[in-house]
Amino acid sequence: MKKLHLLLTYTSALFLLSLSGYASSDDTKNTTITEQFRSALLCQSKPFAIEDKKIIAELEKQKITIKNKKQDSITEIEYHFEQPIKVKNVWVNMIRYESDNFITSFYAKAKGDMHKFAKLIEVNPILRSCEEPIPLNDTDIFRKEITPMTDNNLYPDTIVIGQDKDSKPDEFYFICSKFDAN
């Protein structure tokens, strides 16, 4: 148990050092940051906002542009990647972090085969006949609850995949939403 605690402490320290720009190599920093974005997009970790000026400067060195927007109680930060990152079988060059008092989300615009992507991450299509609220202009909507709905967790972490009616055939969005009970 002590070894596991030391390993977790070491891993956490590397994570923080890589974000702060003190990791030993640029490849390590790029891989770690890319993995953090991938993990959050797939709801394997919580979407995150990077607002620390030192970290933002480091990301900008890596050709990741950051645009901050704040309206009332909503925080929105866009990350634009000069070099798209690969998530499973698709490419992402923009991720938007959105957070209010209850929901935190990572929203990505992706290029690739949406149906293959949906199959790879095991999401299910939403049928138009169901009670699910579907945006009027969206087509081919998929959804997967990452955490189970329980009496204590009425709002499960969810991945949604879809296409706007104006999207090109190989473009779509996917979102990881996590409910904050605080």
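In this predicted model, V160 has I175 of strand β8 as its bridge partner. The two strands involved, β7 (residues 158-164) and β8 (residues 171-179), pair in the antiparallel sense over five bridges. A hairpin of six residues joins β7 to β8.

Strand β7 is largely enclosed by the rest of the structure, because five of its seven residues are buried, buried meaning under 20% relative accessible area.

| Strand | Residues |
|---|---|
| β7 | 158-164 |
| β8 | 171-179 |

Helix α3 (residues 53-61) has I55, I56, E58 and L59 as its buried residues. These residues lie on the same side of α3, because the arc they cover around the axis is only 160 degrees. Which exposed residues does the face of α3 turned away from its buried side carry? That face holds K53, K54 and K61. Exposed here means over 50% relative accessible area. After α3 comes K63, which has a positive phi, near 65 degrees.

How values were computed:
Residues numbered from 1 in each chain as written. Predicted model: local features only at pLDDT ≥ 70, side-chain atom pairs only at ≥ 80, totals over all residues. Heavy atoms only, no water. Buried < 20%, exposed > 50% of the residue type's maximum accessible area, 1.4 Å probe, protein only. Helix = DSSP H or I, 4+ residues; strand = E, 2+ residues; numbered from the N terminus. Pairing = 2+ DSSP bridges. Arc of directions from axis to C-beta.
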